[in-house]
Amino acid sequence: MQPRNMSMSGVVDLAAVKAAGEAKAKAEQTRAEAARRGDTGAVPPSSLVIDVDEAGFERDVLQRSAEVPVVIDFWAEWCEPCKQLSPVLERLAREYNGRFVLAKVDVDANQMLMQQFQIQGIPAVFAVVAGQALPLFQGAAPETQIRETLDQLIQVGEQRFGLTGLTVDAEAGAADEGAEPVEQVGPYDALLEAAVRALDANDFGGAAQAYRNVLADDPGNTEAKLGLAQAELLARVQGLDPQQVRKDAAEQPGDVGAQITAADLDLVGGHVDDAFGRLVETVRRTAGDDRDKARLRLLELFEVIGSDDPRVTAARSALARVLF
């Protein structure tokens with residue numbers, strides 16, 4: 001796939017003069033308030049490249065874009081050009097040292113974001129500056145052209161919106177690189193253990209709530225995410241008549257609810273490929289809200305199995321093929 005025109009000419013026209021002025025004033029005010037508090041606002045190097053999903057998009061991209069340009073890399077595991085482009089963008093984000101932040105969006109797991117940005121193919125790279133989205137390029141591109149585009153983006157951010165970038169705490173980065181790994185007892189061990197006990201007692205609602213309590217404070221907790229997905233799945237199938245569910249699904253292939261319920265039972269019964277295949281086929285046959293319901297349930301079942309499982313990888317590819 002050839003990259004589209006990477007020129008940033010015309011970017012200024014995408015922002016109203018009033019909005020630009022307000023954004024610039026806000027950025028200056030934020031810096032002045034931080035200076036009065038003695039807060040340098042320094043961030044660790046690890047904050048320069050972040051994974052973003054639909055739930056955190058407003059906080060991690062839109063709000064952050066009031067401080068620094070945010071470059072969005074839309075990618076997928078099955079996309080070979082993405083594997084060429086993404087490492088280059090990540091390296092440049094660290095090299096530019098806070099002049100922009102790179103937000104990586106897995107399109108398979110975040111279909112709504114892909115639709116909102118009207119992306120026709122990946123890799124696709126956008127920027128958000130002061131809350132305004134700017135298309136940069138699509139497809140893998142030479143590093144020289146990427147650098148040129150980034151330089152123009154940063155210039156627009158500075159001159160038009162007063163975004164001077166982030167201060168990076170180099171000492172924090174050095175400490176992270178040189179530190180020996182230390183095994184620590186997490187603050188959520190008691191809640192996680194309580195959730196496991198609730199699962200063992202078939203108290204799926206109690207287990208789900210315990211996992212939600214962990215995620216409320218630590219949204220990235222992998223164990224809690226996996227546990228919540230499992231608890232919610234078990235709660236959904238509790239009390240169902242398997243024979244009736246399968247009969248309904250067989251007799252009503254167009255009933256999205258029947259197919260979703262059957263997929264839940266498939267997964268609980270260990271028929272992972274059947275569950276994924278059923279929902280991929282349901283997505284293929286449907287449109288609108290029905291398609292979205294089937295797609296979202298499939299993404300939930302991916303969470304139950306885990307993103308590293310090859311069956312999930314294969315199903316993500318199949319889902320992408322029927323969607324695009």
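A: Let me start with a term: buried means under 20% relative accessible area, exposed means over 50%, and partly exposed is in between, with a 1.4 Å probe and protein chains only. This is a predicted model, where local features need pLDDT of at least 70 and side-chain atom pairs count only at pLDDT 80 or more, while totals for chains, interfaces and linings use all residues. Residues are numbered from 1 along each chain as its sequence is written, and side-chain values use heavy atoms, with hydrogens and water left out.

Q: OK, so is Asp60 buried or exposed?
A: Asp60 counts as buried, because its relative accessibility is 19%. Its side chain meets that of Arg59 in a salt bridge, at 3.0 Å from N to O; a salt bridge here is a side-chain nitrogen of Lys or Arg within 4 Å of a carboxyl oxygen of Asp or Glu.

Q: How many salt bridges are there by that rule?
A: The count comes to 21 salt bridges.

Q: Which side chain does Lys104 meet in a salt bridge?
A: Lys104 meets Asp73, at 3.3 Å from N to O. This pair links distant parts of the chain, since Lys104 is in strand 3 (residues 101-106) and Asp73 is in strand 2 (residues 70-75), 31 residues apart. Strands (E, at least two residues) and helices (H or I, at least four) are DSSP runs, numbered from the N terminus. Lys104 counts as buried at 9% relative accessibility, and Asp73 is buried with a relative accessible area of 0%.

Q: And what about Glu143 and Arg147, how far apart are they in helix 5?
A: They are four residues apart in helix 5 (residues 143-161), which means that about one helical turn separates them.

Q: Which residues do ring pairs link into a cluster?
A: The cluster contains Phe57, Phe74, Phe117 and Phe126.

Methods:
Phe/Tyr/Trp six-rings, centres within 6.5 Å; stacked < 30°, edge-to-face > 60°.
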